[in-house]
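Please keep the structure open while I talk.

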Amino acid sequence: MVRAVVFDVGETLVDESELFGGWADWLGVPRHTFSALIGAAIARGGGFGEAFEMVRPGFDFRVEDRLREEAGVPDRLREEDLYPDARACLQELHDLGVWVGIAGNQPARAGQDLRSLRLPVDLVATSAEWGVSKPDLGFFERVVTVVPFPAEEILYVGDRVERDVIPAKKVGLRTALLRRGPWAYLQDGDDGGADLWLDGLAALPAWIAGQH
């Protein structure tokens with residue numbers, strides 16, 4: 001039985017297109033160019049940070065983030081950044097009596113932004129707030145600590161095999177792999193042994209209801 005569901009943030013609940021587009025504008029490069037650089041970094045096994053470094057060597061996220069705030073163009077999560085199926089899925093799970101959480105690799109500010117959206121969830125947490133990031137097993141051990149149910153009754157939903165599915169399974173969580181965002185194409189059919197594959201979040205509440 002699944003009694004709790006915890007969601008990743010980027011490309012799971014949040015469409016990051018506009019967020020990265022805003023950074024491209026700030027860095028003064030075309031949005032499609034910045035997207036291509038992100039893709040190149042990912043294809044090499046790196047992370048988003050490499051794209052920033054390629055555009056501006058020595059890039060300091062905290063400094064640039066503060067400068068954007070001061071310039072009136074902050075990097076903030078908004079309601080319109082949520083995927084269309086995100087809020088409805090969270091609400092349906094809440095209505096089923098499922099404990100719902102959000103926990104992903106994000107700065108502390110993203111946690112504040114998500115809380116301000118008043119989503120129907122029991123927890124919002126970020127890696128910056130916890131001091132540990134995926135795929136470190138400590139991140140998922142923290143999930144088990146904060147959720148009031150044993151690991152085998154928790155489903156973690158994410159879009160990446162190596163950062164979400166594999167480490168979550170190592171600490172005993174059940175896992176769902178969401179096929180959207182760039183990793184839907186880069187993972188080439190590898191599900192990492194996920195318990196469930198999803199093409200979107202609309203079908204998740206019915207699947208959870210069927211587990212009860």
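In which loop does Pro135 lie? Pro135 sits in the loop between helix H7 (127-130) and helix H8 (137-146), where helices are DSSP runs of H or I with at least four residues, strands are E runs with at least two, and both are numbered from the N terminus. The peptide bond that leads from Lys134 into Pro135 is cis, with omega near 10°.

Before going on, a word about provenance. This is a predicted model, in which local features need pLDDT of at least 70 and side-chain atom pairs count only at pLDDT 80 or more, while totals for chains, interfaces and linings use all residues. Residues are numbered from 1 along each chain as its sequence is written, and side-chain values use heavy atoms, with hydrogens and water left out.

Let me turn to the overall picture. The protein chain contains 11 helices and six strands, and its C-alpha trace spans about 50 × 35 × 30 Å along the principal axes. For 212 residues, a compact globule would have a radius of gyration near 17 Å, and the 17 Å of this chain agrees with that; the radius is taken over C-alpha atoms, and the globule rule is 2.2 Å times the number of residues to the power 0.38. Of the 212 residues, 49% are buried, a term that here means under 20% relative accessible area, with exposed meaning over 50% and partly exposed in between, for a 1.4 Å probe and protein chains only. If we take contacts (heavy atoms within 4.5 Å) between residues at least 6 apart in sequence, 59% of them join residues at least 24 apart. As for charge, there are 22 positive and 35 negative side chains, and the centres of the two sets lie 3 Å apart; Lys and Arg count as positive and Asp and Glu as negative, without His or the chain ends, and each charge is placed at NZ of Lys, CZ of Arg, CG of Asp or CD of Glu.

Next, the aromatic side chains. The structure holds nine aromatic pairs, where rings of Phe, Tyr and Trp (its six-membered ring) pair if their centres lie within 6.5 Å, and planes under 30 degrees apart count as stacked, over 60 as edge-to-face and the rest as tilted. One of them joins Trp23 and Phe61, whose ring centres are 5.4 Å apart and whose planes meet at 45°, so this pair is tilted. Because Trp23 belongs to helix H1 (residues 17-27) and Phe61 to helix H4 (residues 61-71), the pair ties together parts that are 38 residues apart in sequence. Trp23 is buried at 2% relative accessibility, whereas Phe61, at 32%, counts as partly exposed. Another pair is formed by Trp130 and Phe139, with centres 5.2 Å apart and planes at 55°, so that pair is tilted as well; Trp130 is buried at 13%, and Phe139 is buried at 0%. Trp23 and Phe61 also belong to one aromatic cluster together with Phe34, Phe52 and Phe59.

What do the buried residues of H1 pack against? They pack against helix H2 (31-43), helix H3 (48-55) and H4, and the buried set in H1 includes Leu19, Phe20, Trp23 and Leu27. H1 is followed by Gly28, whose phi is positive, near 80°.

Finally, some loop positions. Glu11, in the loop between strand E1 (4-7) and H1, has phi near 60°, a positive value in a residue other than glycine, and it is buried at 8% relative accessibility. Arg118, in the loop between H6 and strand E3 (123-126), likewise has a positive phi, near 50°, but it counts as exposed at 73%. Gln106, between strand E2 (99-104) and helix H6 (108-116), is buried at 16%, and, residues up to four places away in sequence aside, it touches Val9, Gly10, Glu16, Thr126, Ser127 and Ala128. Ala194, in the loop between helix H10 (183-186) and strand E6 (196-198), is buried at 12%; its C-alpha atom is separated by 6.2 Å from that of Val165, 29 residues away along the chain.
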